[in-house]
Amino acid sequence: ATSFVRFQDPRVQWGGPNPDNAYWRAAIDPSATYRVWGNVSGVRQALFSLNEGDMQLEHYGVFGERSLDELAIGSDGALEILLSPVEQPGNWIAMHPKARLFLIRVYVSDWERDVSPGFAIERVDTAGLPQPEPGPAALARSLDRAVTWVERSLAFWNRYTQEGAARVPPNQAAA
């Protein structure tokens, strides 16, 4: 089943922390159709995008990005987005063949007052069908991907933050 993982907020840090955003991400199949929903009442701004992958893996592609102010929202704050390779009515983001992640970035300017809601995702083109069991080869590939992700994350984010700190003199604001 597809679900969101929340990261980059005061409780869950990863990579180069960003104090102005909270993120959700879900692995997706670019040939599939998904429904994403949540209540965005009180959210100042958010970005919804299909991504190729992670910076530390040198996968930089961003496809079909939409901002919250470009989407239709219900009077009760309800938001629904469809991700699909085939055009859909309403809030639709076209799938891209290289997309592997759906990313939501919520901008939070005041962590005491701003809203950082939850989101849900479901695959709708295979609703009701059982997911195939992964075989040994698929499990081995998944474990290899996880190890590579951790190894590259450690090297990339340590270098990224050290290089960023080296560009700014101590006790001075960056331009």
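Predicted model: local features only at pLDDT ≥ 70, side-chain atom pairs only at ≥ 80, totals over all residues.
**Entry 1: the open sheet**

I began with the open sheet, where four strands line up in the order β7-β6-β3-β9 with mixed pairing. I count strands as DSSP runs of E with at least two residues, helices as runs of H or I with at least four, both numbered from the N terminus. Two strands pair for me if DSSP finds at least two bridges between them. β7 (92-94) and β9 (119-123) stand at the edges with a single partner strand each, so one side of each has no neighbour in the sheet.

Residues are numbered from 1 along each chain as its sequence is written, and side-chain values use heavy atoms, with hydrogens and water left out.

Strand β6 (residues 78-84) pairs with β7 in the parallel sense over three bridges. Leu 83 has Ile 93 in β7 as its bridge partner.

**Entry 2: strand β4**

Is β4 mostly covered or uncovered? I found it mostly covered, with six of the seven residues in 45-51 buried. Buried means under 20% relative accessible area, exposed over 50%, and partly exposed in between (1.4 Å probe, protein chains only).

I then followed the partners of β4. Strand β8 (residues 101-107) runs antiparallel to β4 and is joined to it by seven bridges; there I see Ser 49 opposite Leu 103. Strand β5 (residues 62-67) also pairs with β4 in the antiparallel sense, over four bridges, and Leu 50 stands opposite Phe 63.

**Entry 3: the helix and the whole chain**

Helix α1 (residues 136-167) has 32 residues and spans 46 Å from first C-alpha to last, close to the expected 46 Å. The expected span is 1.5 Å times one less than the number of residues. The buried residues of α1 are Ser 153, Phe 156, Trp 157 and Gly 164.

Of the 175 residues, 33% are buried.
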